[in-house]
Every structure is written in C-alpha cells, then in structure tokens.
Amino acid sequence: MVSAAGVAVVLTVPALAGTEARPQRSSGAAQAPGAGTAPADPGPADALLAPMERDLKLTRGDAAQRLGAEAVTSELESRLRTVTGGAFGGAWISSSTGRLTVAVTDSELADDVRATGAEPKLVEQNRGELEAAQSRLDRRAAKAPAQVSGWYVDPSTNSVTLLAHEGAEQKARTWARKAGLGGDAVRVQTVPADFTAMFDLRGGDAFVINRSSRCSVGFPVTTGFVTAGHCGARGATTVASNNAQGTFRVSKFGNSGGNDYAVVDVNRNWTPKPVVATTGGEVPIAGSKEAPVGASVCRTGSTTGTRCGVITARNASLTVSGRAVKGFVITSACAQPGDSGGSLLAGNQAQGVLSGGSGNCSGGRATSVYQPINPVLQTEGLKLVTTGGAVPAPKPTPTQGSTSPKPSSKPTAGGSAVQKAEAEVVRLVNQERARAGCSPVTVDSRLASVARSHSQDMAANRFFSHTNRQGKSPSQRVTAAGYKFRLTGENIAFGQATPAAVMQAWMKSAGHRANILKCGYRNIGVGLAFRNDSGRQVPMWTQEFGATFDR
C-alpha cells in the first residue's frame, strides 16, 4: 500500500499483520493475551502527522512534506560530514528556511556544501573542538552548581550551551570559565526546573510501601491508582522503580465497611496509563463492565505475573486475614504474596483488585478473591483511566447470585450458546460495516466450517496462528472447502469472553478492522471453540471472509 502526500516522496505503509487477503497477504504474529494478532507498526501518515499538526502548528500537508524532506537530510548530513572532514562544525535544519545548514571552518568548502542543496555557514570552531569543550565540563560535572541542569554542543551558535535555572546564569558562566571555557565558546539558556524522570503508571506493576513491603498497582485513575487497602495505611508513602511515587490518601480494610481498597495519589513524575502490564504485554483498559459468573478472567501481579481462571462467584461475604469483607468476586486464578492489589481483567474490562488467595501458583487447587473496582470508583468519586479517556464508574446494576454452575468442561461447536455467540459476531460485523457504508456479509456454510475447524484445531492442539499444524494457510483451507474465492481474509483472537469483547479487540487493530470493513467481501463464517487450560475455558475465535467470482 503506497500513498503520496503532496511532495516528491512516498510513504510505504507496512502490510497489515494478522490478516490474509488477496491480492495482498501477510502472516499473523502472536501478541499479548486477549488481543489476537499484532498489527504492523503504523506508518508516518498514521502515527506522526496528527501530533505534528497539534504540537508544531503545521498543516497535515506541511507535516508530511517536512517528514519527507527530513528523511533526505539525515543521509545528506552524513555525506557532508565526510566531505568537509576536519572543517565540519555541525549541521542543523534551519527553523526559518527548512533547509539543512552545515557549519564549516574552511570557506573554500562552501561551494561543495551548496552543490548538495545545503546552506553553508562559516564558523570558528569545528565539531571536534566543541566536543572537547563539552568533555571538559563533563569532567567537572560533580562540581557543577545545583542550578545547572546540563550542557550540550549547539552547532547553530558554534558554542557549548549551558542549561541553568533563571537567576543562575552568572554561576553557570563562572563554573564554565573555571573549566577553561569562556567568551563566545559558552552560551547560557534558562530552564524552568531540573529535569526529572517520567514514569508510566500501569496496572499490575510493583510498588513498595514505606520502603518495606511490596504490592501491585490495581487500576490507574486520574489522580493515581487503586490497590488493596491492606497494602498500606493512610499516609503511607510508595516508591517504584527506585523513585518516589505517591501517598495513600484512602485505605480501607474489612470489618464495618467490608472493603479492601486503597487510593494512592501519585506525584507529577508518574502518568497513569490505560493499560495493564501483563506477562505477554500491555493490555488496554476500555472500561469496567462487570463480567458474569463463569467468565474467563486474568489477574496480573508483581510476584507471579499474569494468571487466569474463571469467575466462580460474585457478591461473596468472606474473611480475609481475619477481616470481614463483602460484595467480593471469587475466581479460580492463583495468586501469591506481593500480587495483592493487582489488576483483574475480563478481556479489556476492569473487574477488581486482588485482596487475598487460598493456595498458590505452584500447583493444586487455588482460589483468589477481589475487591470489585466499580464500588471503589463510585464511593471515592474516581475516574478510571481508559483508552476512551477518564470515565466514572457505570451505574450500579442488580447483583447476581453468589454462585453459578461451572461451565461445561467440553463446550462444543454445536452447542446453542456457541452458535448464538457466532451469530452475534456476524451481527456486530454487519453493524460496523453499515456504519462504514459497506453492504452486509451473509453466512456461507463453507466459510463457517473452515472457521469452526480452525478454532477447534487451535483449541485442541494448543497453538495460535493463521497457519495450521499441517502448514495450510487460510486461503488453502478455504479452497479445500470448495469456496472459489476472488477475495478472502481471516481474523483470529483468543481470550475474549464475549462477542462484543472480541469485536472490540478486532476493531482496535488496523489489520483486523480492515478485513471487517472491506466492502468487497460478501460472505462470512465465524467459529468459536474452547481451549481447556487446567479447567479454565479459553475462547478461541476465527472469522473467515470471502467473495466469489460470481459476486
């Protein structure tokens, strides 16, 4: 796929991963649990132009043109560095002309620079002399004034620039002079404050309380994060990645309130992100819709990583470490000390934070219990950080009974519940196609058979790929089923508990969304099967799309 953006340069967009479509194909690549296959990295048109418009105050066309030109100047700078040799004083793109400017100490090289399309500038010091001056400052770094935040070589001024707090300019010059730099060799630029490390705050990550015990982040909220109340008392401080992080503003654990949650407010160096850092990668948080009993869930903590199970009960009254709690969620996922406070997800929906467990992750039967997240958001007036922005908790819904029959250990493709789920995926596909102006796809029995067989194959043989164990690609499997296609494509996914969840995951991925919204497709087949992971039923989804030569 190639696109042009108003200049003599084209942007080649990578083929879509996770799909197979004619005439363009690419193979899938496994990714984080619950997200199917990973899309290729977006090209500049997708990833850079919009933020460049916003931050550099450029039009979209100007941003594209600038990217194209700068791609050329990187190579040009390298070539001119060689051509000018010891006379090279550095290079930069002029903010006024947009052209590459090259500093040289030898005026006889000016024409050579102009011949390449760059603009020469005659200077006194070459790059080597400037870097030697910077090295002298580096060697005296321990004696630098506290108000000096850094220094660097600036080719545009042919000097070493010091970064100093406002009011400390003279201190900076004095320190540089003691290092042997003075006059025009030094320039001072003011900065508002020292540079500080910036950290992402993610569900499942570890943090340390009062520099002693360790727990896990539950879910990011706009002011910080929610975790377990038993992790720390109100006023306790937290550290993560060896940096100060935040303070427990609220902490509640058991008895009269029946809760186990805490709210930690973080400092400005930490940015709450709408993700949970699972063992397989970051999983986005889209909301906090409560999953029903029997739904598959995965929890992430700093001791045992990501462990999965099913919800076995809701609204349970329990005793955790001698404290009475109520309204809790029980799951079959294992947990161990240090995982406390960690995230419980159903697909991309936040469910709760880990309170306690019975058993461990070394084998045998294990159970873990959770403080539901929505009551915390509602009671404390918090907003969950999600992929759609900061959102409050959904309105309370009637609670379910505390127990429910366990799902069958051997769901079959012929089961009515499975058929209803497959039909619901078809409905949701056509709903998205209608929004995009595409005609609906109809179920073709041959494609449905291919989709179900592939899901069952992945479940039975415990793999996740577009290519089956016999080495057959989607197009080969579709052909073998007697479907003579002119177009075909396949989407796969695993771990999403509902049709809505798997469709949401596919629509968030460029490759999968492209298949769903390809107007040329006329038929569809959907297959759902379940992989048995030590009693936990993991959904395996397949979509087959196609169009025959007669349609």
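In the predicted model, Y152 has T161 of strand 7 as its bridge partner. Strand 7 covers residues 159-165 and is joined to strand 6 by six bridges, the two strands running antiparallel. Both belong to an open sheet of three strands with the order 6-7-8 and mixed pairing. Strand 6 (148-154) and strand 8 (186-191) form the edges of this sheet, each pairing on one side only. From one strand to the next, the twist averages 25°. Two helices pack on the sheet. Helix 5 (residues 127-139) touches strand 6 and strand 7, and its direction makes about 165° with that of strand 6. Helix 6 (residues 169-178) touches strand 6, strand 7 and strand 8, with an angle of about 140° between its direction and that of strand 7.

Strand 3 (residues 88-93) is mostly covered, five of its six residues being buried.

These elements belong to a protein with 12 helices and 30 strands. Of its 551 residues, 47% count as buried. Among contacts with a separation of 6 or more, 60% are accounted for by residues 24 or more positions apart.

Strand 15 (residues 243-253) contains T247. With a relative accessible area of 35%, T247 is partly exposed, because this value lies between the limits of 20% for buried and 50% for exposed residues. When residues up to four places away in sequence are not counted, T247 touches G235, A236, T237, T238, V263, V264 and D265. The C-alpha atoms of T247 and G232 are 9.5 Å apart in space, the two residues being 15 residues apart in sequence.

D265, one of the residues touched by T247, also forms a salt bridge with R249, the closest N and O atoms being 2.7 Å apart. This pair links distant parts of the chain, with D265 in strand 16 (residues 260-266) and R249 in strand 15, 16 residues apart. D265 counts as partly exposed at 24% relative accessibility, and R249 is likewise partly exposed, with a relative accessible area of 33%.

The salt bridges in the model come to 16. One of them joins E544 to R477, with 3.5 Å between the closest N and O atoms. Here too distant parts of the chain are linked: E544 lies in strand 30 (residues 536-548) and R477 in helix 10 (residues 474-480), 67 residues apart. E544 counts as buried at 0% relative accessibility, and R477 also counts as buried, at 10%. Salt bridges that share partners join R202, D205 and E282 into one network.

A further salt bridge is formed by the side chains of D111 and R114, at 3.1 Å from N to O. Both residues lie in helix 4 (residues 110-115), three residues apart, which is about one turn of the helix. D111 is exposed, with a relative accessible area of 55%, whereas R114 is partly exposed at 45%.

Key: Residues are numbered from 1 along each chain as its sequence is written. This is a predicted model: local features need pLDDT of at least 70, side-chain atom pairs count only at pLDDT 80 or more; totals for chains, interfaces and linings use all residues. Side-chain values use heavy atoms; hydrogens and water are left out. Buried means under 20% relative accessible area, exposed over 50%, partly exposed in between (1.4 Å probe, protein chains only). Helices (H or I, at least four residues) and strands (E, at least two) are DSSP runs, numbered from the N terminus. Contact means heavy atoms within 4.5 Å. Two strands pair if DSSP finds at least two bridges between them. Axes are lines fitted to C-alpha atoms, for helices over the stretch in contact, and angles run from 0 to 180 degrees between N-to-C directions. A salt bridge is a side-chain nitrogen of Lys or Arg within 4 Å of a carboxyl oxygen of Asp or Glu.
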